[in-house]
Amino acid sequence: MRITGVLILALTLATASQAQAHFGMVIPSKSTVPEKQDAIVSLDVAFAHPFEGHGMDMESPKAFFVVLDGKKQDMKAAIKSQTFMGHKAWKAQYTFNRPGVYQFAVEPQPYFEPAEDCFIVHYTKAIVPAFGSEDGWDVPLGLKTEIVPLTRPFGNYAGNVFQGRVLLDGKPVPGAEIEVEHYNKTGKYKAPDDYYVTQVIKADDNGVFTYAAPWAGWWGFAALNTAPEKMDYKGTPKDMELGAVLWVEFAAPVHK
């Protein structure tokens, strides 16, 4: 019975670990801004398990900004605290004033995750086009790590194939592992079991990955790497997980 109990405990912990993918989140209230009446957009900035709806406390970001035509605008002073999935998170508003493709990015404070015995830093992006412009969505921001889309990251239907390239220090990451989750905002979807909560794919030798979103909504892509340096935690050096996260909305067609 003792061996059985240990086995059951091990299986339980292994099953629980299947559902513990972390995601930085930058979710705009609109994924496109076609007209002037849509110009004011709110953004949720958080750290969570998006499919399961489990939030985690997020400290004030180290950096929060938007890039348009290569020019960076600091937005950290514009963020306000909020409760998101029952935990500390952030929000901001942004007014689009001219045509362009706007890249919003967050660099969080390092978060120590006891269950994984490491720090987590997710560099997170969302890309929003405004007033008919669609140039510049494939331009890297020069983050420590990031996903550069190879498929236009807006105006996509559910079922479309999406591709991106994983960069670390500006270079492609061969064989990078990418976790994918749906932002199950309303709790509409239930996974058959824990294996279905987080999809996992591998990049090819050029750091390129491919995925087809099975249904409409916001989908997060998190490419994970381990930093060469370690961070101190209570006197002990710990690994640091570097996540390159990109959020993309896939839509259902509107029927007449």
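Q: Is Asp69 buried or exposed?
A: Asp69 is exposed, with a relative accessible area of 54%; exposed means over 50%, buried under 20%, and partly exposed in between (1.4 Å probe, protein chains only). This is a predicted model in which local features need pLDDT of at least 70 and side-chain atom pairs count only at pLDDT 80 or more, while totals for chains, interfaces and linings use all residues. Residues are numbered from 1 along each chain as its sequence is written, and side-chain values use heavy atoms, with hydrogens and water left out.

Q: Which side chain meets that of Asp69 in a salt bridge?
A: Side chains of opposite charge can pair when their charged atoms come close. Here Asp69 pairs with Arg98, at 3.4 Å from N to O; the rule asks for a side-chain nitrogen of Lys or Arg within 4 Å of a carboxyl oxygen of Asp or Glu. Asp69 is in the loop between strands S4 (63-68) and S5 (71-74), and Arg98 in the loop between S7 (87-95) and S8 (100-107), so the pair ties together parts 29 residues apart in sequence. Arg98 is partly exposed, at 41% relative accessibility.

Q: How many salt bridges does the rule count?
A: The count comes to eight. Among them, Lys238 and Asp117 have their closest N and O atoms 2.8 Å apart. Lys238 lies in strand S20 (residues 236-251) and Asp117 in the loop between S9 (111-113) and S10, 121 residues apart.

Q: What does Lys230 pair with?
A: Lys230 forms a salt bridge with Asp239, at 2.3 Å between the closest N and O atoms. Asp239 counts as partly exposed, at 34% relative accessibility.

Technical notes
Helices (H or I, at least four residues) and strands (E, at least two) are DSSP runs, numbered from the N terminus.
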